[in-house]
Amino acid sequence: MKLIIDTEAATLTVEESGNRQTHGLYTKEAFELLSLQWLRVGWSLRQYMTFTWQGLPVLQLPEDLLRLQEAVHRIRPTLIVETGVCRGGSLLFSATLCKAADRGRVVGIDRHIPAQVRSAIESHALSPLIRLIEGDSVSTAVVAEVAGLVEEDDTVLVILDSDHAQEHVLAELERYSRFVTPGSYVVAADGIMRDLADVPGGSAEWAFDNPFAAATEFLERNPEFERAPPPWPHRESELTENVSYWPGGWLRRRP
Ligand SMILES: C[S@@+](CC[C@H](N)C(=O)[O-])C[C@H]1O[C@@H](n2cnc3c(N)ncnc32)[C@H](O)[C@@H]1O
């Protein structure tokens with residue numbers, strides 16, 4: 001595909017498979033085409049590895065965190081379950097939202113939690129809101145431990161951000177979706193992998209082996225869930241789509 005930006009004519013021309021289409025540069029269509037390329041270039045340069053939350057690295061795109069904040073503000077979960085702790089920044093982000101709402105706690109699961117990450121989380125002021133579980137997220141023992149932490153009247157939101165192979169994400173979806181409260185969400189993070197197969201650092205099989213594909217397969221078997229990103233609470237813009245690493249990843253349990 002060729003994208004030709006002509007700032008003088010204020011156009012964006014797309015050439016693909018012998019077709020040629022020109023959009024106004026300052027249009028929703030151009031914004032969406034450019035955003036996808038911006039995501040791809042940024043990912044290859046590890047833009048997502050340049051952010052911290054409360055001092056700990058958080059491997060997310062800021063817009064995804066802002067949209068997560070909007071969803072949490074509306075749903076007011078009492079329990080946020082996250083697979084994939086890494087350096088701990090995303091757990092602190094969720095715990096910050098719980099603290100601000102004066103409601104909720106966070107469970108973080110990772111197959112390996114290095115001592116310095118554990119120590120950084122456990123010495124943070126938000127640590128009373130955070131429970132760490134070390135182990136394979138799809139193991140019977142870990143899922144049982146999480147189940148033991150879910151209270152009957154909890155409002156639960158789940159974020160899956162560990163191993164992004166389709167098989168693993170599907171296994172996580174099958175195991176963790178049962179905790180999700182009607183009207184709340186399970187997020188299969190990093191569906192953007194399907195669009196990164198050909199960028200530097202990407203991998204050819206990501207075109208089909210990715211969290212987006214896992215979510216699609218899960219939805220086929222679980223009609224009580226629907227693909228539905230949280231509505232934007234504020235929009236004074238013609239734009240309608242998230243610029244996101246989580247395309248198709250917000251799965252809502254129908255109320
Ligand atoms: C993308 S990082 C998580 C990033 C983190 N959520 C953040 O936003 O900063 C993925 C993490 O998943 C963990 N992981 C990979 N496979 C796993 C598995 N089977 N069970 C639990 N954790 C796993 C890795 O150890 C790694 O720390």
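## Two domains

Keep in mind that what you're looking at is a predicted model. The chain splits into domain 1, covering 2-44, and domain 2, covering 50-253. Taken over C-alpha atoms, the centres of the two domains sit 30 Å apart. Where they touch, domain 1 puts in nine residues and domain 2 puts in 10 residues. On the domain 1 side of that contact you'll find four nonpolar, two polar and three charged residues.

## The core

Next up is the nonpolar core. The largest one has 56 residues. V81, V158, L160, L173, V186, V187 and A188 have the most contacts inside it. As for whole elements, α3 gives the most to this core, with six residues.

Leaving out residues up to four places away in sequence, V158 touches V81, Y176, F179, V180, V186 and V187.

## Strand β7

How many of the six residues of β7 are buried? Six of the six are, so the strand is largely enclosed by the rest of the structure. R105, V107 and I109 point one way from β7, while V106, G108 and D110 point the other way.

For a partner, look at β6 (residues 79-83), which runs parallel to β7 and is joined to it by five bridges. Within this pair, I80 stands opposite V106.

## Around the ligand

There are 19 residues around the ligand, and G84, C86, S90, S162 and D163 come nearest. The elements giving two or more residues to this shell are α3 (89-101) and β7 (105-110). So what kinds of residues make up the shell around the ligand? Five are nonpolar, eight are polar and six are charged.

## A closer look at P211

Last stop: P211, which lies in helix α7 (residues 211-221). Is P211 buried or exposed? P211 counts as buried because it has 33 C-beta neighbours inside 10 Å, and the cut-off for that label is 20 or more.

Setting aside residues up to four places away in sequence, P211 touches H164, V169, A188, A189, D190, G191, M193 and G249.

Definitions and conventions. Residues numbered from 1 in each chain as written. Predicted model: local features only at pLDDT ≥ 70, side-chain atom pairs only at ≥ 80, totals over all residues. Helix = DSSP H or I, 4+ residues; strand = E, 2+ residues; numbered from the N terminus. Buried ≥ 20, exposed ≤ 12 C-beta atoms within 10 Å, placed from the backbone. Contact = placed C-beta atoms within 7 Å. Near = placed C-beta within 6 Å. Nonpolar A, V, L, I, M, F, W, Y, C, P; charged D, E, K, R; others polar. Core = buried A, V, L, I, M, F, W, Y, C linked by C-beta atoms within 7 Å. Domains from an automatic or database assignment. Pairing = 2+ DSSP bridges.
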